[in-house]
Amino acid sequence: MNDEQVRLGELREEIDKLDQKIMELISARAKCAQEVAHVKMAANPGEDVFFYRPEREAQVLRRIKEANPGPLPSEEMARLFREIMSACLALEKPMHIAFLGPIGTFTQAAALKHFGHSVVSVPLPAIDAVFREVESGAAHYGVVPVENSTEGMINHTLDMFMSSPLKICGEVQLRIHHHLLVSPDFRDLEITRIYSHQQSFAQCRQWLDTHRYGVERVTVSSNAEAARRAAQERGSAAIAGDMAAELYDLEKLAHSIEDRPDNTTRFLIIGREEVPPSGHDKSSILVSMRNKPGALYQLLEPFHSHGISLTRIETRPSPSGTWAYVFYIDFEGHMDDDRVRKVLAEVDEEAVELKRLGSYPIGVL
Ligand SMILES: O=C(O)C(=O)C[C@]1(C(=O)O)C=C[C@@H](O)C=C1
(Lines give C-alpha, C1' and ligand atoms only; values in the text may rest on other atoms or scores of the structure.)
Protein backbone atom coordinates (compact mmCIF):
# COMPACT_ATOMS: atom_id res chain seq x y z
CA MET A 1 0.00 0.00 0.00
CA ASN A 2 1.33 3.45 -0.85
CA ASP A 3 0.93 6.57 1.34
CA GLU A 4 -2.18 7.71 -0.52
CA GLN A 5 -3.94 4.38 0.00
CA VAL A 6 -3.04 4.34 3.71
CA ARG A 7 -4.38 7.86 4.22
CA LEU A 8 -7.56 7.12 2.24
CA GLY A 9 -8.14 4.02 4.34
CA GLU A 10 -7.82 6.04 7.57
CA LEU A 11 -10.18 8.76 6.37
CA ARG A 12 -12.80 6.26 5.22
CA GLU A 13 -12.65 4.51 8.57
CA GLU A 14 -13.25 7.90 10.21
CA ILE A 15 -16.21 8.57 7.86
CA ASP A 16 -17.73 5.15 8.70
CA LYS A 17 -17.56 5.96 12.42
CA LEU A 18 -19.11 9.40 11.88
CA ASP A 19 -21.90 7.93 9.72
CA GLN A 20 -22.70 5.49 12.51
CA LYS A 21 -22.95 8.38 15.00
CA ILE A 22 -25.05 10.50 12.61
CA MET A 23 -27.42 7.55 12.15
CA GLU A 24 -27.79 7.03 15.87
CA LEU A 25 -28.48 10.75 16.37
CA ILE A 26 -31.05 10.86 13.55
CA SER A 27 -32.77 7.82 15.08
CA ALA A 28 -32.85 9.49 18.50
CA ARG A 29 -34.35 12.60 16.85
CA ALA A 30 -36.99 10.48 15.07
CA LYS A 31 -37.97 8.89 18.42
CA CYS A 32 -38.42 12.40 19.86
CA ALA A 33 -40.72 13.29 16.94
CA GLN A 34 -42.78 10.14 17.60
CA GLU A 35 -43.07 11.20 21.22
CA VAL A 36 -44.15 14.70 20.11
CA ALA A 37 -46.94 13.05 18.08
CA HIS A 38 -48.16 11.16 21.17
CA VAL A 39 -48.18 14.38 23.22
CA LYS A 40 -50.13 16.21 20.49
CA MET A 41 -52.72 13.41 20.26
CA ALA A 42 -53.10 13.14 24.03
CA ALA A 43 -53.66 16.92 24.28
CA ASN A 44 -56.40 16.89 21.59
CA PRO A 45 -58.35 13.65 22.04
CA GLY A 46 -60.85 13.03 19.26
CA GLU A 47 -59.92 16.28 17.49
CA ASP A 48 -58.09 17.08 14.26
CA VAL A 49 -54.41 17.12 15.27
CA PHE A 50 -52.14 19.36 13.23
CA PHE A 51 -48.89 17.41 13.19
CA TYR A 52 -47.23 19.70 10.65
CA ARG A 53 -46.07 22.90 12.40
CA PRO A 54 -44.85 25.41 9.79
CA GLU A 55 -43.73 27.96 12.40
CA ARG A 56 -41.61 25.37 14.24
CA GLU A 57 -40.07 24.08 11.00
CA ALA A 58 -39.10 27.62 9.99
CA GLN A 59 -37.49 28.16 13.42
CA VAL A 60 -35.53 24.89 13.19
CA LEU A 61 -34.26 25.68 9.69
CA ARG A 62 -33.34 29.26 10.60
CA ARG A 63 -31.41 28.07 13.64
CA ILE A 64 -29.53 25.49 11.55
CA LYS A 65 -28.56 28.16 9.03
CA GLU A 66 -27.33 30.49 11.77
CA ALA A 67 -25.42 27.81 13.72
CA ASN A 68 -23.84 26.11 10.70
CA PRO A 69 -20.06 25.92 11.34
CA GLY A 70 -19.16 25.07 7.68
CA PRO A 71 -17.58 23.96 5.44
CA LEU A 72 -20.98 23.03 3.93
CA PRO A 73 -22.90 26.15 2.81
CA SER A 74 -25.84 27.05 5.11
CA GLU A 75 -28.33 26.47 2.28
CA GLU A 76 -27.02 22.94 1.86
CA MET A 77 -27.09 22.21 5.60
CA ALA A 78 -30.68 23.50 5.81
CA ARG A 79 -31.67 21.25 2.90
CA LEU A 80 -30.26 18.20 4.72
CA PHE A 81 -32.24 19.09 7.85
CA ARG A 82 -35.29 19.77 5.69
CA GLU A 83 -35.18 16.10 4.65
CA ILE A 84 -34.55 14.83 8.20
CA MET A 85 -37.57 16.80 9.47
CA SER A 86 -39.65 15.59 6.53
CA ALA A 87 -38.87 11.97 7.45
CA CYS A 88 -39.64 12.66 11.14
CA LEU A 89 -42.99 14.25 10.24
CA ALA A 90 -43.85 11.23 8.05
CA LEU A 91 -43.39 9.05 11.14
CA GLU A 92 -45.89 11.25 12.99
CA LYS A 93 -48.33 11.46 10.07
CA PRO A 94 -47.76 10.99 6.31
CA MET A 95 -48.71 14.30 4.70
CA HIS A 96 -50.70 14.45 1.45
CA ILE A 97 -49.72 17.52 -0.55
CA ALA A 98 -51.81 18.54 -3.57
CA PHE A 99 -49.97 20.54 -6.25
CA LEU A 100 -50.59 21.99 -9.70
CA GLY A 101 -49.55 19.02 -11.83
CA PRO A 102 -48.84 16.98 -13.75
CA ILE A 103 -45.85 15.21 -12.20
CA GLY A 104 -42.62 16.97 -13.15
CA THR A 105 -43.86 20.58 -12.94
CA PHE A 106 -42.03 23.38 -11.15
CA THR A 107 -44.87 23.38 -8.62
CA GLN A 108 -43.98 19.82 -7.67
CA ALA A 109 -40.33 20.88 -7.31
CA ALA A 110 -41.53 23.72 -5.03
CA ALA A 111 -43.68 21.32 -2.96
CA LEU A 112 -40.70 18.99 -2.42
CA LYS A 113 -38.41 21.91 -1.62
CA HIS A 114 -40.85 23.12 1.04
CA PHE A 115 -42.01 19.82 2.58
CA GLY A 116 -39.04 17.52 1.76
CA HIS A 117 -39.36 14.21 -0.07
CA SER A 118 -41.16 12.15 2.61
CA VAL A 119 -44.62 13.40 1.61
CA VAL A 120 -47.21 11.93 -0.72
CA SER A 121 -47.48 14.50 -3.52
CA VAL A 122 -50.77 14.52 -5.41
CA PRO A 123 -50.82 16.14 -8.89
CA LEU A 124 -54.03 17.98 -9.87
CA PRO A 125 -54.91 19.47 -13.25
CA ALA A 126 -55.78 23.06 -12.22
CA ILE A 127 -55.28 25.66 -9.50
CA ASP A 128 -58.94 25.54 -8.40
CA ALA A 129 -58.71 21.73 -8.14
CA VAL A 130 -55.80 22.13 -5.70
CA PHE A 131 -57.92 24.50 -3.58
CA ARG A 132 -60.85 22.07 -3.60
CA GLU A 133 -58.68 19.09 -2.66
CA VAL A 134 -57.47 20.92 0.45
CA GLU A 135 -60.89 22.43 1.30
CA SER A 136 -62.47 18.97 1.27
CA GLY A 137 -59.75 17.54 3.50
CA ALA A 138 -58.61 15.06 0.82
CA ALA A 139 -55.15 16.67 1.00
CA HIS A 140 -53.55 18.21 4.10
CA TYR A 141 -51.97 21.13 2.19
CA GLY A 142 -51.74 22.47 -1.34
CA VAL A 143 -49.03 24.25 -3.34
CA VAL A 144 -49.89 26.79 -6.05
CA PRO A 145 -47.79 29.35 -7.97
CA VAL A 146 -48.55 33.00 -7.14
CA GLU A 147 -45.99 35.20 -8.90
CA ASN A 148 -43.07 35.09 -11.27
CA SER A 149 -40.29 37.67 -11.33
CA THR A 150 -40.52 38.02 -15.13
CA GLU A 151 -44.21 37.55 -15.78
CA GLY A 152 -45.86 39.01 -12.66
CA MET A 153 -48.79 37.76 -10.61
CA ILE A 154 -50.72 34.58 -11.33
CA ASN A 155 -54.18 36.06 -11.17
CA HIS A 156 -56.04 32.78 -11.04
CA THR A 157 -54.43 32.01 -7.67
CA LEU A 158 -55.20 35.50 -6.28
CA ASP A 159 -58.82 35.27 -7.40
CA MET A 160 -59.31 31.87 -5.75
CA PHE A 161 -58.76 33.50 -2.35
CA MET A 162 -61.82 35.73 -2.85
CA SER A 163 -64.12 32.75 -2.40
CA SER A 164 -62.00 30.09 -0.66
CA PRO A 165 -61.93 29.71 3.13
CA LEU A 166 -58.34 28.40 2.99
CA LYS A 167 -55.45 30.10 4.75
CA ILE A 168 -51.96 30.81 3.47
CA CYS A 169 -49.59 28.73 5.64
CA GLY A 170 -46.28 29.34 3.93
CA GLU A 171 -44.35 30.52 0.90
CA VAL A 172 -41.49 29.06 -1.10
CA GLN A 173 -39.38 30.58 -3.84
CA LEU A 174 -37.85 28.57 -6.64
CA ARG A 175 -35.20 29.69 -9.13
CA ILE A 176 -36.62 28.68 -12.49
CA HIS A 177 -34.17 27.34 -15.06
CA HIS A 178 -35.57 26.39 -18.44
CA HIS A 179 -33.79 24.09 -20.87
CA LEU A 180 -34.30 23.19 -24.53
CA LEU A 181 -34.91 19.45 -24.33
CA VAL A 182 -34.98 16.68 -26.92
CA SER A 183 -35.30 12.93 -26.85
CA PRO A 184 -31.91 11.20 -27.36
CA ASP A 185 -33.68 9.09 -30.04
CA PHE A 186 -34.39 12.20 -32.15
CA ARG A 187 -31.25 14.16 -31.24
CA ASP A 188 -29.94 14.39 -34.83
CA LEU A 189 -33.23 15.46 -36.43
CA GLU A 190 -33.99 19.07 -37.29
CA ILE A 191 -36.32 20.65 -34.71
CA THR A 192 -39.49 21.89 -36.39
CA ARG A 193 -41.70 22.35 -33.35
CA ILE A 194 -41.16 23.43 -29.74
CA TYR A 195 -43.67 22.70 -26.98
CA SER A 196 -43.95 24.62 -23.71
CA HIS A 197 -46.24 26.36 -21.25
CA GLN A 198 -47.19 29.91 -22.19
CA GLN A 199 -45.32 31.36 -19.17
CA SER A 200 -42.14 29.52 -20.09
CA PHE A 201 -42.29 30.75 -23.70
CA ALA A 202 -42.65 34.26 -22.30
CA GLN A 203 -39.66 33.77 -19.98
CA CYS A 204 -37.45 32.53 -22.87
CA ARG A 205 -38.74 34.82 -25.64
CA GLN A 206 -35.46 36.58 -26.45
CA TRP A 207 -33.46 33.38 -26.45
CA LEU A 208 -35.95 31.73 -28.81
CA ASP A 209 -36.02 34.74 -31.13
CA THR A 210 -32.22 34.66 -31.33
CA HIS A 211 -31.52 30.92 -31.46
CA ARG A 212 -34.69 29.26 -32.83
CA TYR A 213 -36.29 32.04 -34.86
CA GLY A 214 -39.13 30.78 -37.08
CA VAL A 215 -39.52 27.40 -35.38
CA GLU A 216 -43.17 26.70 -34.59
CA ARG A 217 -44.02 27.29 -30.88
CA VAL A 218 -46.92 25.24 -29.54
CA THR A 219 -48.42 26.17 -26.18
CA VAL A 220 -49.48 23.28 -23.93
CA SER A 221 -50.93 23.11 -20.41
CA SER A 222 -47.65 22.54 -18.53
CA ASN A 223 -43.90 22.10 -19.00
CA ALA A 224 -44.22 18.47 -18.03
CA GLU A 225 -46.80 17.94 -20.80
CA ALA A 226 -44.37 19.65 -23.23
CA ALA A 227 -41.63 17.22 -22.15
CA ARG A 228 -43.97 14.24 -22.53
CA ARG A 229 -44.73 15.24 -26.12
CA ALA A 230 -41.09 15.89 -27.01
CA ALA A 231 -40.24 12.42 -25.74
CA GLN A 232 -42.64 10.89 -28.28
CA GLU A 233 -42.67 13.15 -31.33
CA ARG A 234 -39.93 13.16 -33.96
CA GLY A 235 -38.55 16.61 -34.75
CA SER A 236 -39.97 18.18 -31.61
CA ALA A 237 -38.37 19.75 -28.54
CA ALA A 238 -39.67 21.06 -25.22
CA ILE A 239 -38.82 23.95 -22.97
CA ALA A 240 -39.02 22.64 -19.41
CA GLY A 241 -37.06 22.23 -16.20
CA ASP A 242 -34.86 19.55 -14.66
CA MET A 243 -37.67 17.50 -13.11
CA ALA A 244 -39.51 17.12 -16.42
CA ALA A 245 -36.22 16.36 -18.22
CA GLU A 246 -35.44 13.56 -15.78
CA LEU A 247 -38.97 12.20 -15.78
CA TYR A 248 -39.06 11.83 -19.58
CA ASP A 249 -35.35 11.03 -20.11
CA LEU A 250 -34.70 14.07 -22.26
CA GLU A 251 -31.35 15.58 -23.15
CA LYS A 252 -30.46 19.25 -22.77
CA LEU A 253 -29.64 20.83 -26.14
CA ALA A 254 -29.26 24.18 -24.39
CA HIS A 255 -29.51 24.82 -20.66
CA SER A 256 -30.72 27.81 -18.60
CA ILE A 257 -32.21 29.62 -21.59
CA GLU A 258 -34.43 31.94 -19.50
CA ASP A 259 -33.90 35.58 -20.53
CA ARG A 260 -33.42 36.82 -16.96
CA PRO A 261 -30.80 35.10 -14.84
CA ASP A 262 -32.80 35.81 -11.66
CA ASN A 263 -36.00 34.19 -12.99
CA THR A 264 -37.83 33.12 -9.82
CA THR A 265 -41.35 31.89 -9.06
CA ARG A 266 -43.00 32.27 -5.68
CA PHE A 267 -45.45 29.58 -4.54
CA LEU A 268 -47.95 29.59 -1.67
CA ILE A 269 -48.74 26.77 0.72
CA ILE A 270 -52.48 26.65 1.41
CA GLY A 271 -54.12 24.87 4.32
CA ARG A 272 -57.10 24.83 6.63
CA GLU A 273 -55.62 26.30 9.80
CA GLU A 274 -53.89 29.48 10.93
CA VAL A 275 -50.17 29.44 11.67
CA PRO A 276 -48.86 30.88 14.97
CA PRO A 277 -45.96 33.39 14.88
CA SER A 278 -42.49 32.05 14.02
CA GLY A 279 -40.68 35.31 14.78
CA HIS A 280 -40.10 36.26 11.14
CA ASP A 281 -43.44 36.33 9.38
CA LYS A 282 -45.44 37.84 6.59
CA SER A 283 -49.21 38.29 6.23
CA SER A 284 -51.64 38.54 3.34
CA ILE A 285 -55.05 40.21 3.13
CA LEU A 286 -57.71 40.99 0.54
CA VAL A 287 -59.40 44.37 0.93
CA SER A 288 -62.25 45.91 -1.01
CA MET A 289 -62.60 49.70 -0.89
CA ARG A 290 -65.31 52.08 -1.95
CA ASN A 291 -64.77 53.87 -5.23
CA LYS A 292 -64.05 57.34 -3.88
CA PRO A 293 -61.15 59.79 -4.13
CA GLY A 294 -58.28 58.93 -1.80
CA ALA A 295 -59.39 55.31 -1.21
CA LEU A 296 -55.95 53.89 -1.90
CA TYR A 297 -54.32 56.52 0.32
CA GLN A 298 -56.73 55.68 3.15
CA LEU A 299 -55.92 52.02 2.78
CA LEU A 300 -52.15 52.47 2.85
CA GLU A 301 -51.87 55.23 5.46
CA PRO A 302 -52.25 52.94 8.54
CA PHE A 303 -49.38 50.74 7.28
CA HIS A 304 -47.21 53.82 6.93
CA SER A 305 -48.13 55.34 10.28
CA HIS A 306 -47.47 52.08 12.20
CA GLY A 307 -44.22 51.38 10.31
CA ILE A 308 -45.33 48.16 8.61
CA SER A 309 -43.59 47.41 5.28
CA LEU A 310 -45.67 46.26 2.35
CA THR A 311 -44.02 43.60 0.20
CA ARG A 312 -46.69 43.45 -2.51
CA ILE A 313 -49.90 45.22 -3.52
CA GLU A 314 -51.95 44.08 -6.46
CA THR A 315 -55.32 45.27 -7.77
CA ARG A 316 -57.91 42.81 -9.03
CA PRO A 317 -61.33 43.50 -10.53
CA SER A 318 -64.17 42.81 -8.15
CA PRO A 319 -65.96 39.52 -8.86
CA SER A 320 -69.39 40.85 -7.91
CA GLY A 321 -69.06 44.24 -9.56
CA THR A 322 -70.32 45.92 -6.39
CA TRP A 323 -66.83 46.59 -5.04
CA ALA A 324 -64.84 49.10 -6.99
CA TYR A 325 -61.43 47.69 -6.12
CA VAL A 326 -60.10 44.55 -4.54
CA PHE A 327 -56.53 44.83 -3.32
CA TYR A 328 -54.33 41.86 -2.56
CA ILE A 329 -51.70 42.99 -0.04
CA ASP A 330 -48.67 41.23 1.48
CA PHE A 331 -46.88 42.88 4.40
CA GLU A 332 -44.26 42.06 7.00
CA GLY A 333 -45.37 40.88 10.45
CA HIS A 334 -47.89 38.49 11.98
CA MET A 335 -51.59 39.23 12.58
CA ASP A 336 -51.02 38.49 16.29
CA ASP A 337 -48.47 41.37 16.49
CA ASP A 338 -49.86 44.43 18.29
CA ARG A 339 -48.86 46.83 15.54
CA VAL A 340 -50.44 44.65 12.85
CA ARG A 341 -53.66 44.32 14.89
CA LYS A 342 -53.88 48.13 15.06
CA VAL A 343 -53.28 48.54 11.32
CA LEU A 344 -55.93 45.96 10.44
CA ALA A 345 -58.46 47.52 12.83
CA GLU A 346 -57.96 50.88 11.09
CA VAL A 347 -58.16 49.33 7.62
CA ASP A 348 -61.32 47.48 8.65
CA GLU A 349 -63.02 50.79 9.52
CA GLU A 350 -62.56 52.15 5.99
CA ALA A 351 -62.94 48.95 3.96
CA VAL A 352 -66.10 47.48 2.49
CA GLU A 353 -64.61 44.10 3.34
CA LEU A 354 -61.34 42.86 4.81
CA LYS A 355 -60.41 39.20 4.44
CA ARG A 356 -57.46 37.86 6.41
CA LEU A 357 -55.73 35.26 4.23
CA GLY A 358 -53.18 34.30 6.85
CA SER A 359 -49.82 34.93 8.48
CA TYR A 360 -46.94 32.58 7.71
CA PRO A 361 -43.16 32.26 8.07
CA ILE A 362 -41.09 34.13 5.47
CA GLY A 363 -39.58 31.45 3.20
CA VAL A 364 -36.37 30.04 4.73
CA LEU A 365 -35.04 27.77 1.97
O1 LIG B 1 -42.06 20.14 16.95
C2 LIG B 1 -43.00 19.50 16.50
O3 LIG B 1 -44.18 19.87 16.66
C4 LIG B 1 -42.77 18.29 15.72
O5 LIG B 1 -43.72 17.65 15.32
C6 LIG B 1 -41.38 17.88 15.37
C7 LIG B 1 -40.96 18.34 13.97
C8 LIG B 1 -39.43 18.04 13.81
O9 LIG B 1 -39.09 17.00 13.28
O10 LIG B 1 -38.63 18.87 14.27
C11 LIG B 1 -41.72 17.56 12.96
C12 LIG B 1 -42.82 18.08 12.33
C13 LIG B 1 -43.31 19.43 12.54
O14 LIG B 1 -43.76 20.00 11.34
C15 LIG B 1 -42.32 20.30 13.20
C16 LIG B 1 -41.21 19.78 13.81
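Is Val-275 buried or exposed? Val-275 is buried, because its relative accessibility is 4%; buried means under 20% relative accessible area, exposed over 50%, and partly exposed in between (1.4 Å probe, protein chains only). This is a predicted model, in which local features need pLDDT of at least 70 and side-chain atom pairs count only at pLDDT 80 or more, while totals for chains, interfaces and linings use all residues. Residues are numbered from 1 along each chain as its sequence is written, and side-chain values use heavy atoms, with hydrogens and water left out.

**Overall make-up**

- The protein has 12 helices and 15 strands; helices (H or I, at least four residues) and strands (E, at least two) are DSSP runs, numbered from the N terminus.
- Of the 365 residues of the protein, 47% count as buried.
- A box of roughly 80 × 60 × 40 Å, taken along the principal axes, is filled by the C-alpha atoms.

- Helix H1 spans residues 3–43 and includes Asp-16.
- Asp-16 counts as exposed because its relative accessibility is 54%.
- Together with Glu-13, Glu-14 and Asp-19, Asp-16 forms a patch of negative charge on the surface.
- Patches are made of residues with over 30% relative accessible area and no salt bridge, with like charges joined within 9 Å and nonpolar side chains (Val, Leu, Ile, Met, Phe, Trp, Tyr) within 5 Å.
- For charge, Lys and Arg count as positive and Asp and Glu as negative, while His and the chain ends are not counted; the place of a charge is taken as NZ of Lys, CZ of Arg, CG of Asp or CD of Glu.
- Leu-18, Ile-22 and Ile-26 make a nonpolar surface patch of about 240 Å², an area from the Shrake-Rupley method with a 1.4 Å probe; for residues, only the protein chains shown count as cover.
- Ile-26 is also placed in helix H1, and its relative accessible area of 34% makes this residue partly exposed.

**Salt bridges**

- Side chains of opposite charge can pair when their charged atoms come close.
- The count comes to 24 salt bridges, each being a side-chain nitrogen of Lys or Arg within 4 Å of a carboxyl oxygen of Asp or Glu.
- In helix H1, Glu-10 and Arg-7 lie three residues apart, about one turn of the helix, and their side chains meet in a salt bridge at 2.8 Å, N to O.
- Glu-10 is partly exposed, with a relative accessible area of 41%, and Arg-7 is partly exposed at 45% relative accessibility.
- Lys-65 and Glu-75 form a salt bridge in which the closest N and O atoms are 2.9 Å apart.
- This pair links distant parts of the chain, with Lys-65 in helix H2 (residues 54–67) and Glu-75 in helix H3 (residues 74–92), 10 residues apart.
- Glu-75 is partly exposed, with a relative accessible area of 36%.
- Another salt bridge joins Asp-209 and Arg-217, whose closest N and O atoms are 2.6 Å apart.
- Asp-209 has a relative accessible area of 36% and is therefore partly exposed; Arg-217 is partly exposed at 33%.
- A network of salt bridges links Glu-147, Glu-171, Arg-266, Lys-282, Arg-312, Glu-314 and Asp-330.

**Buried residues in strands**

- Glu-147, a member of that network, lies in strand E3 (residues 141–148).
- Glu-147 counts as buried because its relative accessibility is 13%.
- The side chains of Glu-147 and Arg-312 are joined by a polar contact of 2.3 Å.
- A polar contact is a pair of N or O atoms within 3.5 Å; within protein, one must be able to donate a hydrogen and the other to accept it, and residues adjacent in sequence count only if both atoms are side-chain atoms.
- Thr-265 is found in strand E11 (residues 264–271) and is buried, with a relative accessible area of 8%.
- The side chain of Thr-265 makes a polar contact of 2.8 Å with that of Asn-148.

**Loop residues and separations**

- Val-275 sits in the loop between E11 and strand E12 (281–289).
- Val-275 and Leu-208 are 67 residues apart along the chain, and their C-alpha atoms are separated by 43 Å.
- Gly-307 lies in the loop between helix H11 (295–305) and strand E13 (310–316), and is partly exposed, with a relative accessible area of 47%.
- From Gly-307 to His-255 the separation is 52 residues in sequence and 43 Å in space, C-alpha to C-alpha.
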